[in-house]
Amino acid sequence: MNWSEHWWVLVLSAAAGSLPTAWIAVKLAIGRDVRSHGSGNVGATNAGRLLGWGGFAIVLAIDITKGSLPVVVAAMNGFQPGEGLWLGLAAVVGHCYTPWLGFRGGKGVATAAGAVAVANWPAVLAGASVWLLVRRISDLASVASLAGLAAAGIGVVGWGSPALWPPFAAISAVVLLRHSGNLRRLAAGTELRT
């Protein structure tokens, strides 16, 4: 794929990802800024702290769609799975660094899951299973997210084409970078539980 000719597709994918779902949902539902509560994160978990499980589920579904939609559209237009996953990366970057909120967005886990699910659903199924298990045991969304990311990575390497490895590695790097604060709080024993 010649990205110099298709740069606009990357821009559109990032724009789709940049929709700050949690911020919009909380603002519309209760008139508050999700960033001033809980972890301060613009994601489904923090939205759920204010809106309950229903709000969590809605935000999660939309954030997953933000990641999957560019990859689906890419596949429908003849992009190879590895190429489509680069568009998923653009959506994740848009979500994590949304210009609508001063380039401070969510952690990218749900958006990444949506993107990777289109390219390699067994890897995301493995990651989601680990996420659920670790979340139930630890009650720590960040630990569950990082464990799920690791499991999905093993799945991508084990069940995916090597063409998926570089864009998945890049997506993982963005998600890990966005969790750097969580890692510091985990080390200090101050990480928020659900």
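Select D33 and R35 to begin: the two residues form a salt bridge, with the closest N and O atoms 2.7 Å apart. A salt bridge here is a side-chain nitrogen of Lys or Arg within 4 Å of a carboxyl oxygen of Asp or Glu. R35 counts as partly exposed because its relative accessibility is 33%; the class lies between buried, under 20% relative accessible area, and exposed, over 50% (1.4 Å probe, protein chains only).

Before the next stop, note that this is a predicted model, in which local features need pLDDT of at least 70, side-chain atom pairs count only at pLDDT 80 or more, and totals for chains, interfaces and linings use all residues. Residues are numbered from 1 along each chain as its sequence is written, and side-chain values use heavy atoms, with hydrogens and water left out.

**The other salt bridges**

How many salt bridges does the structure hold? There are three.

Select K66 and D63 next. Their side chains meet in a salt bridge at 3.2 Å, N to O. Both residues belong to helix α3 (residues 44-76), where they are three residues apart, about one turn of the helix. Helices (H or I, at least four residues) and strands (E, at least two) are DSSP runs, numbered from the N terminus. Are these two partners buried or exposed? K66 is buried, with a relative accessible area of 6%, and D63 is buried at 2% relative accessibility.

Then move to E191 and R185, which form a salt bridge whose closest N and O atoms are 2.8 Å apart. E191 counts as buried at 13% relative accessibility, whereas R185 counts as partly exposed at 29%.

**The loop between α4 and α5**

Select T98, in the loop between α4 and α5. With 1% relative accessibility, T98 counts as buried. Show its surroundings: apart from neighbours within four places in sequence, T98 is in contact with S18, P20, F103, R104 and G105. Contact means heavy atoms within 4.5 Å.

One of these partners, F103, is the next selection. F103 is placed in the loop between α4 (81-96) and α5 (109-119). What is the phi of F103, which is not a glycine? Its value is positive, about 65°. F103 counts as exposed, at 52% relative accessibility.

Continue to D139, in the loop between α6 (121-138) and α7. The phi of D139 is near 60°, a positive value in a residue other than glycine. D139 is partly exposed, with a relative accessible area of 31%.

Helix α7 (residues 141-159) contains I154, which counts as exposed at 64% relative accessibility. Draw a distance from I154 to T190: the C-alpha atoms are 29 Å apart in space, and the residues are 36 apart in sequence.

**The whole model**

Finally, select the entire protein. The protein has nine helices and zero strands. Its radius of gyration is 16 Å, close to the 16 Å that the globule rule gives for 194 residues, so the protein is as compact as a globular protein of that length. The radius is taken over C-alpha atoms, and the rule is 2.2 Å times the number of residues to the power 0.38. Along the principal axes, the C-alpha atoms fill a box of roughly 45 × 35 × 30 Å. Of the 194 residues, 45% count as buried. Among contacts with a separation of 6 or more, 63% come from residues 24 or more positions apart.
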